Amino acid sequence: MTQTLNSLPLNYSPGILCIYSNHRNQVIIVRISNIPEWYFERVVFPGEQLLFEALPEAYLEIYRGDQNKAILAEKFPCSKLQTS
């Protein structure tokens, strides 16, 4: 199943279309928090794909659960996740 996220706010220049696939066997949380005045966070289940619009300078952070807290597992530049 593919999850589609909301687009960038209107005050940002056109973004890039990105995709991330959760190949882990556990639920993860993805987050983009390095763009001023714009932040999102989503839950992605095993086998799901996440389709989203972001700025090229944004970073997608991947968090996994561990004993009641989220731990940053990976971080990808959205420019590397761009799809055509």
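Buried means under 20% relative accessible area, exposed over 50%, and partly exposed in between, with a 1.4 Å probe and protein chains only. In a regular strand the side chains alternate between the two faces of the sheet.

Strand 5 runs antiparallel to strand 2, and six bridges join them. In one of these strands, strand 5, Leu 51 is the bridge partner of Ile 19. Strands here are DSSP runs (E, at least two residues), numbered from the N terminus, and two strands pair if DSSP finds at least two bridges between them.

## About the model

This is a predicted model, in which local features need pLDDT of at least 70 and side-chain atom pairs count only at pLDDT 80 or more, while totals for chains, interfaces and linings use all residues. Residues are numbered from 1 along each chain as its sequence is written, and side-chain values use heavy atoms, leaving out hydrogens and water.

## Aromatic pairs

You can find three aromatic pairs in this structure. Tyr 20 and Phe 76 make a tilted pair, 5.9 Å centre to centre with 40° between the planes. Tyr 20 belongs to strand 2 (residues 16–21) and Phe 76 to strand 7 (residues 69–77), so their pairing ties together parts that are 56 residues apart in sequence. Tyr 20 is buried, with a relative accessible area of 9%, whereas Phe 76 is partly exposed, at 24%.

Trp 38 and Phe 40 form an edge-to-face pair, because their ring centres are 5.0 Å apart and their planes stand at 70°. Both of these residues are buried, and together with Phe 52 they form one aromatic cluster. For the terms: rings of Phe, Tyr and Trp (its six-membered ring) pair if their centres lie within 6.5 Å, with planes under 30 degrees apart counted as stacked, over 60 as edge-to-face and the rest as tilted.

## Charges over rings

Two tyrosine rings are worth a look. The charged end of Arg 31 sits over the ring of Tyr 63, 4.3 Å from its centre, and Lys 75 lies over the face of Tyr 59, 5.3 Å from the ring centre. A charge sits over a ring if NZ of Lys or CZ of Arg is within 6 Å of the ring centre and within 35 degrees of the ring normal.

Key. Helices (H or I, at least four residues) and strands (E, at least two) are DSSP runs, numbered from the N terminus.
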